[in-house]
Amino acid sequence: SRGREEIMSSTEASPRLGGHAPSAAAGIPPAFVVIIAGMVAALHIGKIPPAIPVLRDALGLSLVEAGFLLSMVQMAGMLGGVFIGLAADGFGLRRSVLLGQAVLVAASLAGAWATQPGELLALRAIEGFGFLLCVLPVPSLIRQLVPPSRLALHLGLWGTYMATGTSLVLAAGPLLMGAIGWQGLWVALAMASAAVAGWLFLRVPSDRVRRAMAAMPAGAAVPARAQWRARLRATLGSVGPWRVAITFSVYSSQWLAVIGFLPAIYAQAGLSGQLAGLLTALACLSNVTGNVAAGRLLHRGVCARHLLYAGFLAMAATAFVAFSPLTAEAPVARYLAVVLFSAIGGLIPATLFALAVHVAPDEHTVSTTVGWMQQCSSAGQFLGPPLVAWVAGMVGGWQWTWVITGLASLVGLVLSSRMRYQRA
């Protein structure tokens with residue numbers, strides 16, 4: 001649209017908004033600040049896997065309860081991701097991120113004093129609400145803060161936020177818990193959210209300032225709140241948002257189920273908590289390579305459908321190697337398969353974020369589209385880990401995990417065959 005072209009033209013001319021500062025004195029570009037804010041929000045998601053062995057001892061969690069603790073943070077997204085995204089489109093993108101970080105601060109601090117599994121589960125649901133407020137507006141913010149020629153690259157970097165945040169806390173979590181306990185870890189992450197919220201407040205222009213710098217009338221940048229029904233109807237009435245949403249759900253459900261339970265699997269194998277955390281962090285961090293690669297490949301014109309094919313086929317094959325009884329005596333091969341499962345699977349989220357920006361009915365429904373994608377993803381993540389844990393409990397081990405992830409990948413391949421992507 002003409003309005004979006006004016007935004008992007010002004011953005012390219014503005015070092016503050018465009019992310020191309022002429023000198024180091026300008027500081028970290030705003031687009032990177034919001035990406036870092038998403039990574040900090042992901043720390044709260046990733047703090048549970050390394051804490052599961054500790055929490056099972058401290059609070060008496062069962063394996064299935066641990067699975068729900070992994071997935072409970074997705075409750076808010078599962079029940080209302082599209083509405084949170086819709087609210088972010090109307091409430092203001094920057095304000096939504098700031099509010100989300102505030103919710104994470106409050107819930108994480110309260111969680112440090114939880115003494116019963118039920119209390120921690122309820123607070124995890126609240127953390128999920130704050131997490132969504134933080135991350136759903138970011139693709140739309142990035143779209144405003146960078147020129148179209150660099151959108152795919154930045155969205156590829158944004159696709160790494162979950163893997164980066166979770167891998168950091170997976171690696172450092174056991175060390176911090178050894179020094180200050182799991183409650184201390186919860187408090188430390190609350191302080192991290194408070195710090196990044198202050199940084200974002202100072203560094204990222206408000207919606208009003210962005211409109212002024214883009215030389216656009218106020219009503220052109222933020223739709224009237226009275227139009228929320230029209231935005232919701234436009235989003236859910238389009239085929240594209242449904243396809244990317246369901247595809248993201250079958251990816252994220254299997255990724256969280258495998259990566260989330262790795263510390264517990266390694267603990268059962270006799271590895272120390274610190275070593276299990278480091279191995280899991282490396283597997284998680286490898287996801288970053290796939291996300292960055294997807295952004296670069298999309299930027300160069302590689303077909304999005306082909307990237308999705310590669311990701312889902314690799315996840316199906318490597319999950320078989322990682323969990324099949326045939327590789328029971330090859331722990332190194334199993335671990336390398338998990339690393340590849342995460343790394344090549346990383347092609348999928350970055351590709352889907354790029355698709356979400358393009359399949360949104362218009363520029364005012366990007367957060368709503370991402371919200372719907374997150375809602376379906378959250379449903380998958382809510383059901384995936386407990387399902388894998390239930391099967392593992394029924395058969396007495398993790399040897400059938402590859403069947404569940406393989407079926408999810410098959411659904412992803414079918415949906416990917418219908419994807420269309422047009423470069424900006």
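Some ground rules. The model is predicted, so local features need pLDDT of at least 70 and side-chain atom pairs count only at pLDDT 80 or more, while totals for chains, interfaces and linings use all residues. Residues are numbered from 1 along each chain as its sequence is written, and side-chain values use heavy atoms, with hydrogens and water left out.

I start with charge. Side chains of opposite charge can pair when their charged atoms come close. How many salt bridges does a search of the whole structure find? It finds 2, where a salt bridge is a side-chain nitrogen of Lys or Arg within 4 Å of a carboxyl oxygen of Asp or Glu. One is between the side chains of K47 and E127, at 2.7 Å from N to O. K47 sits in the loop between α3 (30-46) and α4 (48-59), and E127 in helix α8 (residues 117-135), so this pair ties together parts that are 80 residues apart in sequence. Helices here are DSSP runs of H or I with at least four residues, numbered from the N terminus.

R124 also forms a salt bridge with E127, with the closest N and O atoms 2.7 Å apart. R124 and E127 are separated by about one helical turn, because they are 3 residues apart in helix α8. The cut-offs are under 20% relative accessible area for buried, over 50% for exposed, and partly exposed in between, with a 1.4 Å probe and protein chains only.

On a 1 Å grid over the protein atoms alone, a cavity is a set of points where a 1.4 Å probe fits but cannot get out; a pocket is an open set with protein on both sides within 12 Å along at least five of seven lines; lining residues have an atom within 4 Å of a point. Grid points are joined across faces, edges and corners, and a volume is the space filled by probe spheres set on the points.

The largest pocket holds about 430 Å³. Its lining has 17 residues, and I265, Y266, A269, A322 and R334 lie nearest the centre. Helices α15 (239-268), α17 (304-323) and α18 (331-345) each give two or more residues to that lining.

There are 3 cavities of 30 Å³ or more. The second largest cavity has a volume of about 190 Å³. It is lined by 16 residues, with M162, F248, Y251, S252 and W255 closest to its centre. Which helix gives the most to this lining? That is α15, with 5 residues.

Last, cover and surface. Helix α10 (residues 151-158) is mostly covered, with 7 of its 8 residues buried; W158 is one of the buried ones. M394, by contrast, lies in helix α20 and is exposed, at 59% relative accessible area. F83, in helix α6 (residues 75-91), is partly exposed at 46%.
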